[in-house]
Each structure stands twice: as structure tokens, then as C-alpha cells.
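This briefing accompanies the sequence and the three-dimensional structure shown below. Please read the points by topic, with the structure open for reference.

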Amino acid sequence: MMIRADENLAFMLQYENVAWYEDGKVRILDRRIYPAKVEFVTCLKHEEVAQAIADMVTQSAGPYLAAGMGMALAAYECRNKTGEEAEQYLEKAADTLSHARPTTAARMEAITEKCRQVGIEALKKGERMDEAIFLHTLDEINQKYFRLEKSAQYLVELFPDKGTVLTQCFGETIVGMMLKVIRKRGKDMKVMCAETRPYFQGARLTASVAYDQGFDVTVITDNMPAYAMKNGLIDVFTSAADAISCDRYVVNKVGTMQIALVCKYFGIPYFATGAPDLAHPTIDSVQIEMRDPEQVLEAMGIRTAKMGVKGLYPAFDITPPHLVSGIVTNKGVFSPYDIQRYFE
């Protein structure tokens, strides 16, 4: 039996509560409304999974698991097709799922392509493609959780024995593992979450995970980090990264760069977690996703701006290396300026 790395983590970090394939359906926790409501979106076609990813039903690391489960669903959809037709169907599904959101397409392509290969191999052996892809996806996410627990060990070593860590957006597994390791190390850490407009991932998701795992957690608005740092309320800042280019830039939820700037001013360390992407040799290769500007003109479905006023919504921003104290990986902590050593 597989030893599950999600044991003792918060509700929304359990695999079944992220994205799950079973009986020709993919079930995805709707993070747009969690924790006010616990509801799941059920997808009967892989295109619906791609749309759910695009619509932010799941985000952070959630789309990576959803993409794999979506490939299992695609394999179920083409179960009665001939060998060549099935291969073509999986190839198209892999492209659809991996390009649901542009900024993370390179990482998603690696996931869906491997799932496609697993499915074709099962097809040649006369085995069920959907089952093979599902088991592969489950094994991959489990291994990823264990890798991120290793990253969390390196990250927590950089924290003081007592203090407050500020987070940005929702770092998914690394957040849960960070909190788990803090508990194991016996450190007395509190958590402060920037709310992260316009979806409030920090207020709704990160804060929920921290609370569920037994931490003292405080939510601040996105324009309060400078106040909190100036008044000694924050000791360290950490965020995940949606992409890290090989020329040292960190791409993460918009707002990360301004927090990093404030950290630099007040002498607060900022540690990004993740690994450099070979698919992004330079920052110019990263496409910043521009989402519906109407979303910044409302808060949780309630419009806050006058009709006719315009909005702007870049989903991510780019933090330059001189604002990053260290990049924490499963292989250790690297300066942004020598991140290439990760590949050694």
C-alpha cells in the first residue's frame, strides 16, 4: 500500500479534495468559494477540466493534479477508439489541458505529455488507459508532496525559533509541509497571510490551511505588509513560485514583487520556494497571463467600482533576483545568482 504524504495535512490538501478521477468523472474542490462553502465541480469531459482550471476552480498547484486526472478522464472518453484514434485523442487532450492557463503551460505540458505516454503504453499492453494514468498521477503527486516536505525542511531551517512568517497567495503543498515541519521542529511560529485580491486566496485558502493545522493565523489586506514590517509584526516572508526562469527571476501571484520590495527596505528576508524551469531559459520566455479586468472591479461577487470604470488584472508579476534572499528547493537553498547549480 502506498504511504501517503498528505497524511495529517489540512482538508484541502488531501488528494481527494484537490482533484480526483473515478468512474469516468473528475471531481475538483471549488476553491473560488471555499471555505464559506465546501462544494465540488464535477467534470464529465476533459475539456470541462481545462475550463475549470481556466476559471480558477482550482489554482496554485491544484491544476497540476487536475491536469493528470483530466488526462485519465480523456483516456476514459476514448476507451472505445482504435489505437491510432486513441493516441490522437490523448495528444489533443494533452494540449487542451496543458494550455488552460498560459503562464504555467510549460510545467503543465510535462505533466500531460507523461500521462499521454503512460496511456499509450497501457493501450499497447491491452490495459485500461484511464486506470494507468490515474495511478501514475496519484504516484506523481505523492512523490511531489514528499519532495516538497524536503524543501520545507530547508525552508524552516531559515526561520527564527519564534516569530511570524508572512505568506503571499496560496502556495498549496509547500504551505502545508512548511507548517508540518515547523510543528516537528518545535518552533513557535505564527502565520500572517496577505489577503491576495481579487480571489482572496491568502485569506480563504492559506489562512484555512494554517488554521486547520493548528496555527495562530492573521489576515492582512494587500496594502498592509509595509505597516506590519515597520511595526515588527513580520520576521520572514515566503512565497511559492509559478515559474523561476534560469536567469534568476521569480514569477508568482501579482503582488509578490511589491512585498519583496518592502522586505528589502526593512531588511526582512524573502525566500521563494520552487525549482528553476529549463523551459524558461530567460524571463522573456514567460508569458504573463492577463485575466478578465472585471474581476478587480468586484470583491467576492459584489461590485465595488462604478459602472464604466476600467480594471487591470495581470495574474502574475516578476520579482528580480536582487530582491530574493534565497530560492529554496528540494536540493537545498540557492542564491538566485547561482540557481544554475540546481541542475548539477
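In this predicted model, helices α6 and α7 run roughly parallel to each other. The angle between the axes of α6 (residues 173-185) and α7 is roughly 25°, which falls under the 35 degrees that count as roughly parallel.

**Helix pair α6 and α7**

- The axes of α6 and α7 come within 10 Å, and the crossing of the two helices is right-handed.
- On the α6 side the contact involves Val175, Gly176 and Leu179, which meet Thr206, Val209 and Ala210 of α7.
- By class, the residues of this contact comprise four nonpolar, two polar and no charged.

**Helix pair α1 and α2**

- Helices α1 and α2 pack with their axes 8 Å apart, at an angle of about 165°.
- This angle makes α1 roughly antiparallel to α2, because angles over 145 degrees are placed in that class.
- The crossing of α1 with α2 is left-handed.
- From α1, the residues His46, Glu47, Val49 and Ile53 take part; from α2, their partners are Pro63, Ala66, Ala67, Gly70, Leu73, Ala74 and Glu77.
- The contact of α1 with α2 divides into seven nonpolar, two polar and two charged residues.

**The chain as a whole**

- The secondary structure of the chain consists of nine helices and 15 strands.
- The radius of gyration of the chain is 20 Å, and therefore agrees with the value near 20 Å for a compact globule of 344 residues.
- Of the 344 residues in the chain, 54% are buried.
- Among contacts between residues at least 6 apart in sequence, 73% join residues at least 24 apart.

**Cis peptide bonds**

- Most peptide bonds are trans, and most residues other than glycine have a negative phi.
- The bond from Tyr34 to Pro35 is cis, with omega near 5°.
- Pro35 lies in the loop between β2 (25-29) and β3 (40-43).
- Arg197 and Pro198 are also joined by a cis peptide bond, with omega about -5°.
- Pro198 is placed in the loop between β5 (188-194) and α7 (201-212).

- Asp23 has a phi near 55°, a positive value in a residue other than glycine.
- Asp23 belongs to the loop between β1 (19-22) and β2.
- With a relative accessible area of 66%, Asp23 is exposed, because exposed means over 50%.
- Met56 is not a glycine, yet its phi is positive, at about 70°.
- The position of Met56 is in the loop between α1 (46-54) and α2 (62-77), the two helices that pack at an angle of about 165°.
- Met56 has 3% relative accessibility and so counts as buried, the cut-off being under 20%.

Methods: Residues are numbered from 1 along each chain as its sequence is written. This is a predicted model: local features need pLDDT of at least 70, side-chain atom pairs count only at pLDDT 80 or more; totals for chains, interfaces and linings use all residues. Side-chain values use heavy atoms; hydrogens and water are left out. Helices (H or I, at least four residues) and strands (E, at least two) are DSSP runs, numbered from the N terminus. Buried means under 20% relative accessible area, exposed over 50%, partly exposed in between (1.4 Å probe, protein chains only). Axes are lines fitted to C-alpha atoms, for helices over the stretch in contact, and angles run from 0 to 180 degrees between N-to-C directions. Angles under 35 degrees count as roughly parallel, over 145 as roughly antiparallel, 65 to 115 as roughly perpendicular and the rest as oblique. A crossing is left-handed if the near helix is turned anticlockwise from the far one by less than a right angle, and right-handed if clockwise. Contact means heavy atoms within 4.5 Å. Ala, Val, Leu, Ile, Met, Phe, Trp, Tyr, Cys and Pro count as nonpolar, Asp, Glu, Lys and Arg as charged, and the others, Gly among them, as polar. The radius of gyration is taken over C-alpha atoms; the globule rule is 2.2 Å times the number of residues to the power 0.38.
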